Amino acid sequence: MKKQASKFTALLLCGVLALSLTACGTNDKPAPTPDANAKPSYTAGTYTGTANGMKGEISVDVTVSADAITDVTVKSHQETYGIGYGLETSPVEVLPKQIVETQSLGVDNITGATITTAAIKNAVASAVTEAGGDAEALKNVPVEKNPEDLTLDADVVIAGAGAAGLAAGIEASRAGAKVIILEKQGVTGGATTRSGGKLLAAGTEWQKKQGYEDTPKMMLDYMKTMDGAAEQLNDEMITAFCNDSVENMTWLEDMGVMIFDVEAIHQSLTPWRVHNTTNAAGHSGGGMTDGFGGNITVPMTEEYLKNNGEIYYNTTAETILTDADGAIVGLSATKADGSKLTVNAKNVILATGGYAQNKEMMQRYAESTEGFVTSVPAGNLGDGLTMGKQVNAQIFDAPATQTVYLDFNSGVGINEEAGLIVNAEGKRVANEYTYQYHVGNALAKSGSSYGWYLATANDTTPTVQYAMSLEKTIKANSIEELAKLMEVDAAELQATIDRYNELCASGKDEDFGKPAEHMMPVEGETYFALKLRPSVTVTFGGLVTNVQAQVLDTENNPIPGLYAAGEVAFTGLFGDEYPCCGMAIGGAVYFGRIAGQQAAANK
């Protein structure tokens, strides 16, 4: 059995500290405003500028003549594939050309890739300054824009170019339909691009190579063991997905998505079903939880465009258009420049993603009461749900989200650590050595917006040892002192620890069934408490659809011409717990394909 890689990718919280100094002297004068109309002046040559991007330093070569920027080349970077680079609209590919064409550093930011955009601009500004130019003046050089309302005709219009929207677009365009996708961001991929780039399937050749026998029935049975599954799973939909999971993955491989191995859902669970992807440069999501989904969405984007599909970027779909009889006739949208885009189409597919960035929609969940983090795009505000309500679509408010609780400083909570975890009240709520989303669900259901991982020096897990070495980690010489720092009842915490240590000594976890070999007592000279905060990746529920990806109205009837797939329509695919890495992407692709097929047949 191969050793599983760490699943934690450090969360880099980037900020800018602005320091404002006010002079007291009466003779001080304000700094002159850079003149954007002044003729540029440079010392001709090639200069190198650097700046910090999303994942490291970006280096840019800027060539100038005496009065113009003649070339900009990104020489090196470590940005995210499918966001910072890899697409025809991503910053590494687009910004150099735009800066040369406009002779301006005031070109628009690329929505969804703003950190990389800013880094390239800053690197160019640094090089320009070295060349003797006025970078601040270049930032103020206006870039000509011509907002114009536009009306287009298509057979199928899709809101969203994530995994579901791209899958729908590929199938519909392959079937001969004229397809237009309206994408809110400046790049495709949605939340999938920011994910670990994993796919779920049962009975694959990859599993057999690594010694695992698996079947769709085994995967289906596992799905049904999840908390809330009996009440919430749509048996027809989940069965269809499991039965076709291999074909679904093969469909992606045929267009260039590359699989390189299978890893565990959790070491305590077999068979392994999580298929990791890679790309031609060898960048893979093995063991990692974010930033590798471009291995899936870049090939999908290329395939869609190859089949004459069209994408309108920076365009937010807002209204499902209907005629006097209530029939679907298209979508209307607003572009970033304020102009309106109307697409007349008999078929509309909603693939707008989830609502993790919508505080109002999230407020009903325990994990949101004290705040949470999420890596999904800022535009994931539940737009598809808002549009669905316009046409009486049925919406299911799921009782849970995909939430993992972890220590942001060390990653403890997502690396199969097995020490004692308690909720905000100091109570134990789960078998800690199990799939992370079991633990997260248990903490959320206990009403806690955070939890605590308790440890002493006898916890030899590397991430825990690292956490205990950090100055930020809470520590104390007694349980009573620790409880005070944690702001929990000391008697409650002491009782929890005493009971846990008693179970450790007996070698049997009678309360939650954790294996004896992972029962580590909380005892020693120093006690540590790591605060586990919620991270929400996927929202459940949303639009209610059938196995044909048709959106149902409030009376369970299909709405003619309206389809949905992906996170906006995850009703029936999840219970209260996220069952396995790769399920969200796999389900989005599968039902996106069905939506595209159905819509194309209805043209």
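## Strand β20 and its partners

Strand β18 (residues 451-455) pairs with β20 in the antiparallel sense over five bridges, and G451 has L532 as its bridge partner in β20. Strands here are DSSP runs of E with at least two residues, helices are runs of H or I with at least four, and both are numbered from the N terminus; two strands pair if DSSP finds at least two bridges between them. The model is predicted, so local features need pLDDT of at least 70 and side-chain atom pairs count only at pLDDT 80 or more, whereas totals for chains, interfaces and linings use all residues. Residues are numbered from 1 along each chain as its sequence is written, and side-chain values use heavy atoms, with hydrogens and water left out.

Strand β16 (residues 401-406) is also antiparallel to β20, over six bridges, with L406 opposite R533. Strand β19 (residues 474-476) pairs with β20 in the antiparallel sense over three bridges; in β20, F528 is the bridge partner of K475. Strand β20 (residues 527-539) is mostly covered, with ten of its 13 residues buried. Buried means under 20% relative accessible area, exposed means over 50%, and partly exposed lies in between, with a 1.4 Å probe and protein chains only.

## The three-stranded sheet

An open sheet of three strands has the order β1-β2-β3 and antiparallel pairing. Since β1 (45-52) and β3 (69-76) stand at the edges, each has a single partner strand, so one side of each is left without a neighbour in the sheet. From one strand to the next the twist averages 25°. Between β1 and β2 (residues 57-64) there are eight bridges in the antiparallel sense, and T50 stands opposite S59 in β2.

Helix α2 (residues 114-130) packs on the sheet and touches β1, β2 and β3, its direction making about 140° with that of β1. Contact means heavy atoms within 4.5 Å. Axes are lines fitted to C-alpha atoms, for helices over the stretch in contact, and angles run from 0 to 180 degrees between N-to-C directions.

## The second largest pocket

The second largest pocket holds about 690 Å³ of space. A pocket is an open set of points on a 1 Å grid over the protein atoms alone, where a 1.4 Å probe fits and protein lies on both sides within 12 Å along at least five of seven lines; lining residues have an atom within 4 Å of a point. Grid points are joined across faces, edges and corners, and the volume is the space filled by probe spheres set on the points.

Of the 25 lining residues, Q98, D108, N109, K145 and N314 lie nearest the centre of this pocket. The elements that give two or more residues to the lining are α1 (91-102) and β10 (310-312), and α1 gives the most, with four residues.

Q103, in the loop between α1 and α2, has a positive phi near 55° although the residue is not glycine; at 22% relative accessibility, Q103 counts as partly exposed. N308, in the loop between α11 (294-306) and β10, likewise has a positive phi, of about 70°, without being a glycine. N308 is exposed, with a relative accessible area of 68%.

The peptide bond from T270 to P271 is cis, with omega near 0°. P271 lies in the loop between β8 (258-263) and β9 (274-278).

## Cysteines

With a disulfide taken as a pair of cysteine sulfur atoms within 2.5 Å, the count is zero. The sulfur of C581 is 6.0 Å from the closest cysteine sulfur, in C580, too far for a bond.
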